[in-house]
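Please consult the sequence and the coordinates alongside the text.

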Amino acid sequence: MAVPAEEDHGGATHHPSAPSHDEFFDLSTTVDPSYIISLIRKLLPSASNSNQGSLTESNEKEELPKSLSKNMDVDDCGEFSHQDSGSVSIGEEAWEECGCVLWDLAASKTHAELMVENFILEVLVANLTACKSPRVTEISIGIIGNLACHEVPVKHIVSTEGLIEIIVDKLFLDDPQCLCETCRLLTVGLQSGESITWAGALQSEHILSRILWIAENTLNLQLMEKSIGLILAMLESQQKVVDALLPPIMKLGLANILISLLSFEMSKLVSERISERYSILDLILRAIESLSVIDDHSQEICSSKELFQLACDLVKFPDKCEVGNCCVTAAILIANMLSDVDDHASEISQDLGLLAGLLDIFSFASNDLEARNAIWNVMARIMVRIRETEMSPSSVYSYVSVLVSKLELIEDELLNQQMVHSSHEQASLSSAGSTTDARNTSLRRIISILNQWSLNAKESAENNVNAEVVVDETDLKRLLDCCHRFSK
């Protein structure tokens, strides 16, 4: 089945997604457990709900699990008894209302644990098995997605017979909202302590190719984000998951698909600048950056000239404010690619725009030590290839102009590095030596270029030649002093 082609900039049209792992919340008001249980009862599909526009489109009664019927007080007709909760033979609209309340409540750990103890998973399995309504499917998977964010409920999910297989099968629906919730749930599963079980359900070529197809072909922005997020979760999960999923998905062309998606998003960034696309660009870059450091698979990424150019173009993007995180990831990716394929460095040694862009990124990476170290490594590889003594004065000036214009950024970064080295963070920097070497190499090369400019200016003055271009001497001296002070 095909994912609908219409482009959707509006994201979710029905219900908000679950909070991320660092955004969990407990509802400020206490919800009566009996109320939650009554809502769960109302979600159970019944034989009477088989008319047009009702919960299920099937005219045949779906047989409910015997244990579920017993525990949920269901009578022989498949309907709830009227004790406690009253009549629950409800239509889809009322079902949706109850389901959405449970969807919200499932974001709370306490409520989520109460729900699984009261057979919500069995109820949702019954709905996912019997119901053909996309909205009911979306809500059911959405509730499970919120439940999966919690340690105890996710264990119940993986131990519920057939549930993971039912969820994975929903990847082959053609409803974008159902697909969004399915991808979100699978992502949460791969990020949980039960990730190996979830990975086992995904590792067939048939399923992985469907995930790639969705990411590559959908025009629905929310679905694009969720499907790429799922791919990223595969790459960032524990090693056993990566070992199980990466070989088959790479065989299916993951690297080329990610590069193609990056190329498309870069063209959109330049031409349209749609804010809803920025998170998609970030996820694609993070996925590519993850691949660039995985043994046995990094070469396919790092050897791509197209990818290297795209990453450089992003670093040179003039308006970084809204895509700062993307630019930071691009800088790390460039550093990873240069460490694998040194030939890339010769392509950028004279790219002044890239040098300026790298220096600009320092301000977006003030709290990201890895990124700042990566920038220094890229700069060192560029700077060692500059032959200022063999250049014309105008060429030397081009470099000096860029460096002096970024004086404050360089100063702030060096002061930031000094604070890191004097703080407790230094204890965890096992690779501090290589980073310091790259920074010192860059600073020494900056000093040499600035000195060459000063020598050229002095010679011009001695020969009574008026300089065609002028550099602010105060800023020049300030940058020189700064580089001398922090170089070793």
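How many of the 11 residues of helix α5 (residues 120-130) are buried? The model is a predicted one, in which local features need pLDDT of at least 70, side-chain atom pairs count only at pLDDT 80 or more, and totals for chains, interfaces and linings use all residues. Residues are numbered from 1 along each chain as its sequence is written, and side-chain values use heavy atoms, with hydrogens and water left out.

Helix α5 is mostly covered, with 9 of its 11 residues buried. Here buried means under 20% relative accessible area, exposed over 50%, and partly exposed in between, with a 1.4 Å probe and protein chains only. Helices are DSSP runs (H or I, at least four residues), numbered from the N terminus. Among the buried residues of α5 are Ile120, Leu121, Val123 and Asn127.

Rings of Phe, Tyr and Trp (its six-membered ring) pair if their centres lie within 6.5 Å; planes under 30 degrees apart count as stacked, over 60 as edge-to-face and the rest as tilted. The ring centres of Phe362 and Trp376 are 5.2 Å apart and the planes stand at 45°, so this pair is tilted. Because Phe362 lies in the loop between α20 (352-361) and α21 (369-383), and Trp376 in helix α21, the pair ties together parts that are 14 residues apart in sequence. Both Phe362 and Trp376 are buried.

Tyr397 and Trp453 also form a tilted pair, at 5.5 Å centre to centre with 50° between the planes. Tyr397 belongs to helix α22 (residues 393-405) and Trp453 to helix α24 (residues 432-462), so the contact ties together parts that are 56 residues apart in sequence. Tyr397 is partly exposed, at a relative accessible area of 21%, whereas Trp453 counts as buried at 6%.

The structure also holds 4 cavities of 30 Å³ or more. On a 1 Å grid over the protein atoms alone, a cavity is a set of points where a 1.4 Å probe fits but cannot get out, and lining residues have an atom within 4 Å of a point. Grid points are joined across faces, edges and corners, and a volume is the space filled by probe spheres set on the points. The largest cavity has a volume of about 40 Å³. Its lining includes Glu265, Arg273 and Tyr278, and α14 (254-271) and α15 (278-291) are the elements that give two or more residues to it.

Note on methods: 1 Å grid on protein atoms, 1.4 Å probe; cavity = no way out; pocket = protein on both sides within 12 Å on 5 of 7 lines; lining within 4 Å.
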